[in-house]
Amino acid sequence: MDIRICGLFDLSKTIAKPYLEKVTYPWEALKYISGWIMEIGEGLDPKIYERRGEDIWVAKSAQVMESAYIGGPSIIGEDARIRHGAFIRGSAIVGCGATVGNSTELKNVILFDGVEVPHYNYVGDSILGYKSHMGAGSITSNIKSDRSDIVIKNGTDEISTGLRKIGAILADHVEVGCNSVLNPGSIIGKNTTIYPLSMVRGVVDGDSIFKEKGNIVKKS
């Protein structure tokens, strides 16, 4: 599968488009997110965005519950919904129309427009493509138990990333079922569905249904 940024995402669906175009593979973007936010934030239209605290930009049309926590640097896009008890630790781009829900934690992430992480999700060191959705309780695991660098396994190819922390990369229109775990460095192709209670590792082709390890079928 083509795991380059150009093969996974419609870049017109994120404010980070000009920055993502500078790198080839999605995990290469993770170390730059914080700096990109600072550059983007300084140029945002004050008629649309307001600055809340240090290095936090929130669209005036976004709905942010008082009980939510937003740490900087972060950008919350237009018409986004940050619900009760959401915990945004920082280095987070939340796209237009995206939903970050109750007890969901974000850290060092790019959520494209229309992404939904609405119930008890942990999303760290990850990129979620346009209108991808994580069901209740599904999480990204972003570090291996032995703390070694993460290797991306794509078929017979193995790519050393040089990074100890990578969560998951979800392409556009990915659906992750409830209480699934996406292991470090998981990459899910466009329009793929992950069954609930799945344990996912490695690269899953686009237009697929992941039922369990060794049981992945193409959508008709």
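Predicted model: local features only at pLDDT ≥ 70, side-chain atom pairs only at ≥ 80, totals over all residues.
Of the 220 residues in the protein, 51% are buried.

The overall dimensions were examined next. Along the principal axes, the C-alpha atoms fill a box of roughly 50 × 35 × 30 Å. The radius of gyration is 16 Å, which agrees with the value near 17 Å that a compact globule of 220 residues would have. The secondary structure consists of three helices and 25 strands. Among the contacts with a separation of 6 or more, 29% are accounted for by residues 24 or more positions apart.

Helix 3 spans residues 33-42, and its buried residues are Ile33, Trp36, Ile37, Ile40 and Gly41. These residues lie on the same side of helix 3, because they cover an arc of only 130° around the axis. An α-helix has 3.6 residues a turn, so residues three or four places apart point the same way. The cover over the buried residues of helix 3 includes helix 2 (17-20) as well as strand 2 (56-59), strand 5 (74-76), strand 8 (92-94) and strand 10 (105-111).

Methionine 134 belongs to strand 13, which comprises residues 133-134. Its relative accessible area is 0%, so methionine 134 is classed as buried. When residues up to four places away in sequence are not counted, methionine 134 touches Glu116, Val117, Pro118, Asn121, Val123, Leu128, Ile139, Thr140, Leu170, Val176 and Leu182. One of these, Leu170, is 36 residues from methionine 134 along the chain, and the C-alpha atoms of the two are separated by 9.7 Å.

Serine 198 is located in the loop between strand 21 (193-194) and strand 22 (199-200). Serine 198 counts as buried because its relative accessibility is 6%, and buried means under 20%. Apart from neighbours within four places in sequence, the contacts of serine 198 are Ser180, Val181, Phe210 and Lys211.

Cysteine residues were also examined. The structure contains zero disulfides. Cysteine 6 has a relative accessible area of 54% and is therefore exposed, the cut-off for this class being over 50%. Cysteine 178, with a relative accessible area of 37%, is partly exposed.

Methods. Residues numbered from 1 in each chain as written. Heavy atoms only, no water. Disulfide = S-S within 2.5 Å. Buried < 20%, exposed > 50% of the residue type's maximum accessible area, 1.4 Å probe, protein only. Helix = DSSP H or I, 4+ residues; strand = E, 2+ residues; numbered from the N terminus. Contact = heavy atoms within 4.5 Å. Arc of directions from axis to C-beta. Rg over C-alpha atoms; globule rule 2.2 N^0.38 Å.
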